[in-house]
Amino acid sequence: MNRKAGSRVGSVMLGLFALVMLVPLYLVIVNAFKPESAIRQRPFSAAPGVLSTDHLRAALSSPDYNIIKAFGVTVMFVVLVNVLSLALAGPAAYVIARGTRRWHKGMLLVFLAGLFIPGQVLVIPVIYVLRFTGLMGTIPGFVLYEATLTLPLSMFLFVGYIKSIPRELDEAAQIDGAGRLRTFWQVIFPLMQPVVVTAIVLHTIGVWTDFVNPQIVLGPTSGLYTVMTGVYSAIGLHTTDLSVVYPTLLLAIAPVLIFFVIMQRKIVGGLTAGATKG
Amino acid sequence: MRPSNATLTASGPSDNPPVQERPRRTQHTPPRPLRVRAARSLSSIFMVGPALAAVVAFILIPVVVAGRLSFTDWDGFSDSYKSLGLDNYVQLFHDPGVKNAAYVTLVIAVVGTVACNVLGLGLAVMLNGEGRVKAILRGLFFYPHVLGAVIIGFLWSAILSSEGAINTLLSAAHRSKIPFLSDPHWALASVVFVVIWSTFGVNVVLYLAGLQTIPESLLEAARIDGASRWQTFRQVVLPMLAPTVTINVVLVLVQLLRVYDLVLAMTDGGPAGHTQTYAYLVLSESFLNGKIGYASAQSIVLMIVITVLAIVVVALRQRSEKAVEQ
């Protein structure tokens, strides 16, 4: 009896939580198709009479914010950062995980220290490093910086994982005449698939949702904006005009949400795997 | 080969042709492994070097630069700047703006960390196991993480503003509006709510991962011993989850101490600075006003606070984990 009543209360609570999670999403979807007056009068209504795609189309062709371009730029950054991050972190994690000397441990600490340094602390002085190297406001500069920010987490995940791969495999490859770099990429790296998926998932979400770094490192003069910085400048000007706000938000989140629904198992599963490995 | 070399060196250096100088210097280490070792350390440098260089250039050097700038009055443009010693740090501790931002950040971090962990653990226990509905709910609690804080901020400001969805509903029902974003206390509460709304999903996922590591046999043993659900949770599940609790507390705390984008989009620090977080102060107030030196001092303090808090939490949790074991 008691147990049954308890589980019914639980179900009701879960239902309420689900509702609180869903209402904002519902409002974005419904109100993206309504004119300003309808949004203001009856925000929750989805009466077919007032629905139109005009505002969505207006947001799509907004002069201050090209959403298609923002998506292209953001996807490009996500891909470049992930590739660079793997290329940098993989071999380094391999050497450190296989190393037995004190400097290997010290090196790992240097990488892990980055986990405690918040982006807000870095972004001001990073500008001066980027200016010094002539990379400020450029794509290579931004990608290099953003990929560097992924390294502490990658090293944390990779080093632990590589240690669980038997050394005999390395030795066999080396007896067959492979160098260490080849041993890593051809023997060890393919075995790291689960942890690499986790890293890619986390870095992709990180780069996708990052606002501060693209806003400041790329800067307005570069003419490059990501979905986050683009939405910020597009909505920042019209915060009170809800017939601009809702369609812009819907366009920005629809592709990500579709991607998330398809990839949900991988994304949530990757996080779970990463958590238990830690 | 080697023994003959040894005799040669023993017979006297003057007899040696220059080619044979090398083996003599490294008498104790045979030449071949040396070459292998040199190749090994060369390949180590080649493999670790780029990653290390990136971290040094874009993380370590900037921290040092920030530390250096925090003792100056540099505005970011001038060719010269004065060294101020500790003035920026002294000013920081007397600055009412900093005090206010520290208070706002503390409220968000403390309330948010407690709420996200209670919700995360509770929902994880309810959602543990197989089932379609459970899988969908897991995704539902997590999805804000892929949206981005800027978008979440704009979205909730459209819902909570005085002309927003909820207040429209209230006035349609002839009730008075709630000043979610325009009253100082309501605004901070709203920000805390949205921070929790967008964060706890990751805790659900992490606690689910922790629950999966608890061996089924332990739970079964408790059941056979006649333990109630609550007793099983209290006596078996919670102690086993101790390391997961530590990870969750540290992760959320560190994240909530740097809330910025969400506040920027949702309230822009308002009304009158009542939702201005510390990170907002550093980036929007000090930095954009050209107070680079002062902003650097503020950011160094943030870094120290985060590091110290993380270490304290881990140390406290380790002590309680040990206490549980005994």
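Me: What share of the 326 residues of chain B count as buried?
Reply: In chain B, 48% of the 326 residues count as buried, meaning under 20% relative accessible area with a 1.4 Å probe, protein chains only. This is a predicted model: local features need pLDDT of at least 70, side-chain atom pairs count only at pLDDT 80 or more, and totals for chains, interfaces and linings use all residues. Residues are numbered from 1 along each chain as its sequence is written, and side-chain values use heavy atoms, without hydrogens and water.

Me: How many helices and strands does chain B have?
Reply: Chain B has 16 helices and zero strands; helices (H or I, at least four residues) and strands (E, at least two) are DSSP runs, numbered from the N terminus.

Me: At what angle do H6(B) and H10(B) pack?
Reply: Helix H6 (residues 132-142) of chain B packs against helix H10 (residues 184-212) of chain B at about 135°, and their axes are 7 Å apart. Axes are lines fitted to C-alpha atoms over the stretch in contact, and angles run from 0 to 180 degrees between N-to-C directions.

Me: Which residues of H6(B) meet H10(B)?
Reply: Arg138(B), Phe141(B) and Phe142(B) do, and their partners in H10(B) are Phe200(B), Gly201(B), Val202(B), Val205(B) and Leu208(B). Contact means heavy atoms within 4.5 Å.

Me: Switching to chain A, which residues of H9(A) are buried?
Reply: Arg180(A), Thr183(A), Phe184(A) and Ile188(A) are the buried ones. They cover an arc of only 95° around the axis, so they lie on the same side of H9(A); the arc is that of the directions from the helix axis to the C-beta atoms.

Technical notes: Chains are lettered from A and ligands numbered from 1 in the order in which they are written. Buried means under 20% relative accessible area, exposed over 50%, partly exposed in between (1.4 Å probe, protein chains only).
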